[in-house]
Amino acid sequence: MSRSATWYLRRLRGMSPGEVLERAGDKGRQALWARRRVAVGADPGPVRGALPQRSFTATLPASARDRVPPLARNALLAAAEEMLGGYATVLGFPRADLADPDWFLDPVSGRRAPQDVYAFAVDHRDEEVTGNVKAVWELSRHHHLTVLAAAWWLTNDDRYAEVVAAQLRSWWVANPFLSGVHWTSGIELGVRVTSWVWVRRLLDGWPGVRDLFEDNDDALRQIRWHQEYLAAFRSRGSSANNHVVAEAVGRLVAACGFPWFEESDRWRADASGQLERELAANTFPSGLNREQATDYHRFVTELGLVALVEADRSGHPLGEGTRSLLAASLDAAASMLDVTGRPPRQGDGDEGRALVLDDPEADPWAVLLSEGAGVLGAAQWWPSTGPWVAGTALGSLVPSAPVAARPASAPDGFADAGLYLLRTPRGEEPELWCRCDGGPHGFLSIAAHGHADALSLEVRCDGVDLLVDPGTYCYHGEPQWRSYFRSTLAHNTIEVDGENQSVEGGPFLWSSRTDATVDEVVLDDPVRRWAGHHAGYARLDPALTHDRAVALDTVAHALTVTDTVTGSSPHTLRLAWHLGPEVQVTLRDGAAELTWASGTAERSARLRLPDQLAWSAHRGETDPVLGWYSPRFGVRVPTTTLVGSGSWVGALALQTVLELADAAGSGPREADTRAGVTERITTRGQT
């Protein structure tokens with residue numbers, strides 16, 4: 001459905017006067033650039049500004065290939081063989097057309113996005129026009145081509161290179177300047193041109209590589225067009241999130257890797273400055289990404305690493321401040337993982353990648369840490385992930401230069417982001433891991449990738465989800481599902497009067513935002529404690545607040561959650577506990593009996609529920625939507641949600657207790673290397 005006048009008004013309210021002026025300038029530029037559009041099949045004219053002598057010098061050392069571990073090599077080659085046969089999973093959807101892809105097809109809906117239309121006349125947010133545009137765009141990031149190029153690099157099997165060359169030529173001809181859906185979003189151009197640099201690098205030594213790149217007018221035009229577009233149409237103001245970082249990375253990587261134009265030095269210098277500014281703006285000093293969306297933390301960190309390597313290799317390194325910031329982001333990523341290597345699932349996540357040189361189904365967090373270890377060095381307490389193809393390749397391009405100032409142990413708290421982890425001591429079995437959300441709603445005025453999840457929790461036992469964050473599932477094409485997965489009811493927190501904590505203004509827009517405040521944190525006692533509050537429902541009742549206190553008893557293996565809601569008038573509430581899809585549940589006598597598989601054994605726990613509420617279980621319901629979990633983007637599966645409903649006036653205290661059964665036999669895995677932290681914030685008179 002196309003956007004309404006109401007949406008435009010809401011969106012305008014999220015912009016500063018300066019941003020409005022900048023966007024007005026963009027609109028004027030779009031109108032002027034219509035004359036520059038090249039229609040499909042038309043003569044694009046000569047390549048402008050190309051230098052007569054062009055070469056690609058930032059090649060991989062021959063020794064790097066031999067350092068790729070056999071497991072990573074074999075996994076990559078197996079994925080590449082599948083792709084040669086046409087098969088891959090893209091955003092959770094199995095595709096069988098990769099041997100000769102239709103670059104404009106949405107395989108989910110069967111719709112074909114516009115190809116021979118001026119790009120800025122395409123409403124890519126309207127699924128009636130483009131289908132699910134995310135599904136259309138994804139293949140044109142050309143990650144599958146970097147996988148095939150990496151397979152050639154490892155084997156010198158020309159089948160891989162020939163497919164890459166044929167598909168690049170196909171894409172370049174089908175997508176002339178400013179024609180069609182693939183020129184509508186800068187982030188897509190930034191990621192795509194980064195892939196091209198790596199395709200050229202990985203195919204170095206293949207006899208046809210110069211004819212594909214340096215001596216190919218189609219390639220030269222496309223590289224120039226991408227640079228010009230990204231310089232002119234930047235994500236601005238309230239949209240300057242991960243998109244602007246990806247755009248700047250694409251500009252910088254292309255200017256360093258393809259310095260083949262009269263303007264290349266200027267493009268590189270401008271992109272370098274833009275990237276360093278925007279990366280700092282998108283990152284808390286602690287290293288966590290400001291979007292309050294864990295998957296985007298990984299994406300932006302990887303983007304920064306790829307750009308850092310390219311700039312270093314070109315002889316124009318980024319500043320020490322950027323290196324330190326990326327090291328902090330890597331340390332934050334490593335510290336958040338549970339004992340099985342899984343990260344939190346806070347906020348949106350669409351599996352975005354800066355660069356794919358490994359099996360696309362490989363754990364992207366393990367790959368990120370491999371890349372980080374190869375470029376900036378691993379802190380001594382990082383989990384062992386082993387090298388991957390990407391880590392080996394990136395690390396081989398520049399001498400490893402570890403950042404000196406690293407935390408001595410893994411932090412469990414990030415005060416600026418409001419994210420804290422309560423967990424049992426490292427090395428003890430079983431690991432109980434609990435993420436507590438007490439931070440900002442999201443980044444910038446629209447908080448595009450934040451969820452209405454203030455004070456929500458995730459709880460795992462040895463990596464098995466007990467109380468889950470629902471995930472994301474989709475962005476486009478299914479508005480009712482998009483709304484559900486980012487709603488308050490879809491998270492482990494309290495919904496009041498049937499309303500979200502924050503008011504939804506569109507699929508990537510919040511008209512109001514609920515920021516939480518952390519009141520107490522104790523991370524070094526046997527009973528770890530965290531407390532926070534929010535006043536997001538003050539629009540319903542000025543006196544309405546939600547306070548939550550969480551205590552993890554690391555000896556008894558019990559988690560106690562105490563919720564207090566306060567208001568000046570009668571209200572209804574729903575407290576939701578979303579169980580993991582692997583958890584079986586029986587609800588009776590005010591408690592939920594939980595069981596799940598843990599290896600070859602079965603574990604169990606009891607969830608004691610507050611008796612002031614009426615409890616019901618929901619699973620896979622669609623009218624209304626309730627009881628769902630998205631294990632990855634584009635996929636949803638039923639899971640059990642326990643909902644306690646009730647009403648109150650004044651103040652109401654509710655206590656939920658999760659008790660792990662039979663924790664006997666727990667013992668050491670390895671020494672605890674996490675930082676001991678005691679932090680108390682008494683702005684509300686709490687101790």
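A cavity here is a set of points, on a 1 Å grid over the protein atoms alone, where a 1.4 Å probe fits but cannot get out; a pocket is an open set with protein on both sides within 12 Å along at least five of seven lines, and lining residues have an atom within 4 Å of a point. Grid points are joined across faces, edges and corners, and a volume is the space filled by probe spheres set on the points.

The model is predicted, so local features need pLDDT of at least 70 and side-chain atom pairs count only at pLDDT 80 or more, while totals for chains, interfaces and linings use all residues. Residues are numbered from 1 along each chain as its sequence is written, and side-chain values use heavy atoms, with hydrogens and water left out.

Back to the second largest cavity: about 60 Å³ of space lies in it. Its lining includes Leu-279, Thr-283, His-297 and Ser-329. Helices H14 and H15 (320-336) each give at least two residues to that lining; helices (H or I, at least four residues) and strands (E, at least two) are DSSP runs, numbered from the N terminus. The count of cavities of 30 Å³ or more comes to six. The largest cavity holds about 110 Å³. It is lined by 14 residues, and Leu-288, Asn-289, Gln-292, Gln-346 and Leu-419 lie nearest its centre. Helix H14 (294-314) and strand E5 (432-437) each supply at least two of the lining residues, with E5 providing the largest share, three. By type, the lining of the largest cavity splits into six nonpolar, six polar and two charged residues.

Gln-292, one of the residues nearest the centre of the largest cavity, sits in the loop between H13 and H14. Its phi is positive, at about 55 degrees, although Gln-292 is not a glycine. At 5% relative accessibility, Gln-292 counts as buried (under 20% relative accessible area is buried, over 50% exposed, and in between partly exposed, with a 1.4 Å probe and protein chains only). Ala-293 is in the loop between helix H13 (264-281) and H14 too, and is buried at 3%. Leaving aside neighbours within four places in sequence, Ala-293 is in contact (heavy atoms within 4.5 Å) with Gln-346, Gly-347, Asp-348 and His-449. Leu-91 also has a positive phi, near 55 degrees. It lies in the loop between E1 and strand E2 (93-95) and is buried, with a relative accessible area of 12%.

Now for the pockets. The second largest pocket contains about 1,200 Å³ of space. Its lining runs to 48 residues, with Glu-351, Pro-360, Pro-364, Arg-632 and Phe-633 nearest the centre. Strand E21 gives the most, four residues. Overall, that lining divides into 20 nonpolar, twelve polar and 16 charged residues.

Helix H17 (residues 389-397) is largely enclosed by the rest of the structure, because nine of its nine residues are buried. Among the elements covering those buried residues are helix H3 (62-66), helix H4 (70-84), helix H7 (143-155) and H14.

The bond from Glu-429 to Pro-430 has omega near -5 degrees, and Pro-430 is found in the loop between E4 and E5. Glu-428 is placed in the loop between strand E4 (419-423) and E5 as well, and is partly exposed at 32% relative accessible area.

Buried residues make up 60% of the 687.

Notes
Ala, Val, Leu, Ile, Met, Phe, Trp, Tyr, Cys and Pro count as nonpolar, Asp, Glu, Lys and Arg as charged, and the others, Gly among them, as polar.
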